[in-house]
Amino acid sequence: MNILLVSKDRSEIEELKLFLYSLNNSITVLVAMSCEEADQMFNNYRIDLLLLDLLPHDYHSLMLCERIREREGYFYLPIICMVDNEQDMLFAFRNIHCYDCLLRPIKRNYYQVMLEPVVKSFENASKPLQRISIKKFNEIKVIAFDEISYVEVNNKDINVVNKDKVIEYTNISLKDILNKLDDSFVQVHKSYIVNTKKIVSIDIKEKFIMLRDCKEKIPLGTKYLPEIMGIEIFFGQRVKFLYE
């Protein structure tokens, strides 16, 4: 992943670089001290994310972003602007159509909330699509991990559920299914596994979980609370915990 950082503030540059490398040390962070230098970077590298230091009414940066959007394959490039006040933030959203803004003074937890989901989502998009294959009688059913909302035990059968359909399996345990899935899936009840990427809210008091594109309330077992409490953010969406 190539990230281009456009700024004249050397201390901010070093702080951002350290944080980005802490997320993934295979990231390449490119630095440009001017819009002209940044423009040249796009000729030499494939840029996946632009971090732009935006000065008040910075029309040089505006023109740079317009030129970037006109380049083939860059119309949807995520741009995050670093700004000093809310007026500049409004300018960035209206004129640059940026993905988001970091308002100074920028604290480390702001970096984490803003940048970590973007970097993680790029990593996941770069990975080959993962699927689970399970044999049922003489037929093999295949489903992509990202399509699975939850897995439940139904009597002696296992149901793999997404927003469109339910796939039934026999002669396989919930534990065996969990071993075939990746770390995005956690067991939350003796009879349920959920895809953590689909979680919208977790009701601690009533002990159930709500998933995106799913009307069912998934029961939450008390013994599984410690693991589920570690969930906080997925792809920029903060999980909502309900205690009352």
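How many bridges join strand E8 to strand E9? I looked this up and got 5, between E8 (residues 150-154) and E9 (residues 157-161), which run antiparallel. Strands here are DSSP runs of E, at least two residues, and helices are runs of H or I, at least four, numbered from the N terminus.

Before going on, I noted that this is a predicted model, where local features need pLDDT of at least 70, side-chain atom pairs count only at pLDDT 80 or more, and totals for chains, interfaces and linings use all residues. Residues are numbered from 1 along each chain as its sequence is written, and side-chain values use heavy atoms, with hydrogens and water left out.

Back to the strands. I found Val 153 opposite Ile 158 in E9. I then traced the open sheet: 5 strands, order E10-E9-E8-E12-E11, with antiparallel pairing (a pair needs at least two DSSP bridges). At the edges I have E10 (166-169) and E11 (185-189), each pairing on one side only. The twist averages 25° from one strand to the next.

Next, the helices. I see the axes of H3 (residues 59-70) and H4 (residues 86-96) come within 11 Å and cross at roughly 30° (axes are lines fitted to C-alpha atoms, for helices over the stretch in contact; angles run from 0 to 180 degrees between N-to-C directions). That makes H3 roughly parallel to H4, a label for angles under 35 degrees. On the H3 side I listed Tyr 59, Leu 62, Cys 65 and Arg 69 in the contact, and on the H4 side Phe 91, Asn 95 and Ile 96 (contact means heavy atoms within 4.5 Å).

Technical notes: Angles under 35 degrees count as roughly parallel, over 145 as roughly antiparallel, 65 to 115 as roughly perpendicular and the rest as oblique.
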